[in-house]
Amino acid sequence: MLEILAIDHIVLRTIKLDEMLEFYIKVLGCTIERETPEETGLTQLRAGKALIDLVTVNSRLGALGGGKPTKKERNVDHFCLQIKSMSEADILNHLTKHGIKVGEFTSRYGAQGLGNSVYIEDPESNVIELRCQK
């Protein structure tokens, strides 16, 4: 039987690569792990023990997914990132400082059980759930 331990990676198609990189690097603290823009249009970002892959829509790899992402046609519903424990106020201050609209913290069930989390959106309108590690 398979046993899932964590999210390994997620692939997001984009037409706003520079904005996406700024968001995931400056706002969420990811780092660039690998880039193959000419070969596949892929930029891989390290997000803790997982990767967030950004693929440009007009690249060879990105074209496999069809048209560009829109507000009505998202590539994913949402994904959840576990973040290091910090106060809700500190999380809100950090996000609002970067001009990110923030929802309300709500108790939700996830891989680690019940816990408070908040939803935000990246520049391509992908919904991200941020959840503090226990």
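**A tour of the predicted model**

Select Phe 23 to begin: its relative accessible area is 4%, so Phe 23 is buried (buried means under 20%, exposed over 50% and partly exposed in between, with a 1.4 Å probe and protein chains only). Before going on, note that this is a predicted model, in which local features need pLDDT of at least 70, side-chain atom pairs count only at pLDDT 80 or more, and totals for chains, interfaces and linings use all residues. Residues are numbered from 1 along each chain as its sequence is written, and side-chain values use heavy atoms, with hydrogens and water left out.

The structure holds 1 aromatic pair. Phe 23 and Tyr 24 form this pair edge-to-face, at 5.0 Å centre to centre and 85° between the planes. Rings of Phe, Tyr and Trp (its six-membered ring) pair if their centres lie within 6.5 Å; planes under 30 degrees apart count as stacked, over 60 as edge-to-face and the rest as tilted.

Now colour the chain by pLDDT, the predictor's confidence in each residue, from 0 to 100. The mean for the protein chain is 86, and 95% of its residues reach 70 or more. Helices (H or I, at least four residues) and strands (E, at least two) are DSSP runs, numbered from the N terminus.

Last, select β5 (78-83) and strand β8 (residues 127-132). These two run parallel and are joined by 6 bridges; strands pair if DSSP finds at least two bridges between them. Here His 78 stands opposite Val 127 in β8.
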